[in-house]
Amino acid sequence: MRWPTGFTSSGVAAGIKPNGDKDLAVLVTEAPVQWAGTFTHNASAAACVHWCRGQLGHPVRAIVVNSGNANACTGKSGAAAVEETAMAAADALGCSRDEILVSSTGTIGIPLPVERLTSALPGAFAGLGPDVGEFGHAIMTTDSRMKVATAGAGDATVVGVAKGAAMLAPNMATMLAFMTTDAAVPDGALQKVLTAAVGQSFDRISVDACESTNDSVFLLSSSAVETTVDALARAVTEVCKDLAEQMVRDAEGGSKFVRIQVTGAADDAAAVSFGRSIAASALWRAAVNGADPNWGRVLAALGSVDRTLDISEVTVAIGPETLFDRGEPCGSIEAAHKAMSGDEFTLSCVVGGGTGVAEILSSDLSTDYVTLNAEGST
């Protein structure tokens with residue numbers, strides 16, 4: 001897959017990952033472009049997140065991304081590393097450091113060996129090309145595969161590349177996503193388009209309900225092709241939803257992909273809250289792993305969100321099998337177990353007579369997930 005007109009990228013090994021895999025990626029524009037971004041709400045946000053927030057509203061020339069080290073909670077040295085990275089990239093491109101965005105992903109609390117990163121930047125810039133592949137591989141951490149998506153926006157194109165497999169929770173989910181488009185839209189529209197798309201996608205997935213320090217989604221536009229804001233909004237939302245689903249399907253240790261569908265809530269926001277509560281339940285996720293249709297755990301999660309929830313109006317179904325119908329147990333546990341035994345199923349919850357609806361994408365809690373995360377820093 002190739003980037004839209006006006007963008008090139010590359011990925012190289014800078015020596016940040018101990019195994020020698022590619023860990024430095026650059027995305028470069030032909031000229032300064034407008035951009036939009038959404039970032040983690042976590043109070044422990046990484047230094048690069050603070051840097052990028054400060055650049056909102058300013059045109060940019062490049063994004064520098066490293067994997068293998070989050071550069072989060074690393075104090076003054078972490079902030080200095082971001083500035084050094086931006087300055088080195090700016091010197092190489094002949095632009096201002098304020099035209100450089102910086103992003104990191106990896107283990108929290110480990111000082112970033114910034115000299116390795118800056119030493120590798122010239123080689124990264126020398127290898128720029130229109131294909132997304134090297135960039136996509138260089139941003140991966142525990143991902144088992146690269147995540148890419150594209151959609152048309154009239155005559156324009158949106159292309160996205162992302163990473164993420166764990167520490168995935170709403171409030172952006174824990175991931176990095178980089179989207180580019182050649183669509184020309186009015187000033188200010190790009191941020192509105194991105195914010196709305198993230199709300200419908202990355203904010204509606206959960207692997208482990210653990211919020212990260214480095215979440216960032218970027219949307220850059222080279223403004224080379226005329227289109228409408230509505231067409232761009234549809235395309236960006238499509239790409240975001242595609243990437244979000246790829247992340248959940250690649251969940252660390254995950255063996256099951258679950259769609260949690262909530263209807264009948266007071267409004268969509270309430271429906272999202274109900275869905276998130278189920279996705280966050282370690283008890284439910286463990287049951288999912290064992291294909292155990294323990295619907296009581298679903299009701300407990302729902303009741304923890306709204307203390308006034310009328311259980312006599314609640315219905316819960318696993319796949320086609322209804323197990324709780326307006327306050328009364330029913331259905332076949334065996335049939336529900338069969339529905340859960342594959343690698344994908346839908347949990348449907350009606351919580352009342354309201355108009356609110358939402359779908360949350362989630363996964364199970366497996367022994368492989370526990371093992372992977374029991375050794376995350378050692």
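Tutor: Contact means heavy atoms within 4.5 Å. This is a predicted model, in which local features need pLDDT of at least 70, side-chain atom pairs count only at pLDDT 80 or more, and totals for chains, interfaces and linings use all residues. Residues are numbered from 1 along each chain as its sequence is written, and side-chain values use heavy atoms, with hydrogens and water left out.

Phenylalanine 178 is in strand β7 (residues 176-184). Helices (H or I, at least four residues) and strands (E, at least two) are DSSP runs, numbered from the N terminus. Phenylalanine 178 counts as buried because its relative accessibility is 0%; buried means under 20% relative accessible area, exposed over 50% and partly exposed in between, with a 1.4 Å probe and protein chains only. Setting aside neighbours within four places in sequence, the contacts of phenylalanine 178 are Trp3, Ile63, Val65, Ser103, Phe135, Ile139, Val159, Gly160, Val161 and Phe218.

Rolling a probe the size of a water molecule over the atoms shows where empty space is left. On a 1 Å grid over the protein atoms alone, a cavity is a set of points where a 1.4 Å probe fits but cannot get out, whereas a pocket is an open set with protein on both sides within 12 Å along at least five of seven lines. Lining residues have an atom within 4 Å of a point. Grid points are joined across faces, edges and corners, and a volume is the space filled by probe spheres set on the points.

For the second largest pocket, that volume is about 170 Å³. At least two lining residues come from each of α6 (229-249) and β15 (356-363). The largest share, three residues, is supplied by α6.

Arginine 259 is buried because its relative accessible area is 19%. Its side chain makes a polar contact of 3.4 Å with the side chain of glutamate 245. A polar contact is a pair of N or O atoms within 3.5 Å; within protein, one must be able to donate a hydrogen and the other to accept it, and residues adjacent in sequence count only if both atoms are side-chain atoms. Not counting residues up to four places away in sequence, arginine 259 touches Glu245, Arg249, Glu344, Phe345, Thr346, Leu347, Glu359, Ile360 and Leu361.

Now for the sheet. Two strands pair if DSSP finds at least two bridges between them. Seven strands make an open sheet with mixed pairing, in the order β8-β15-β10-β14-β11-β12-β13. The edges are β8 (205-206) and β13 (328-329), each with a single partner strand, so one side of each has no neighbour in the sheet. Two bridges pair β8 with β15 in the parallel sense.

One partner of β11 is β14 (residues 344-350), paired antiparallel over four bridges. In that pairing, threonine 315 has valine 350 as its bridge partner. Four bridges also join β11 to β12 (residues 321-325), and these two strands run antiparallel. Phenylalanine 324 in β12 stands opposite valine 316. A hairpin is formed by β11 and β12, with two residues between them, and glycine 319 in the turn has a positive phi of about 60°.
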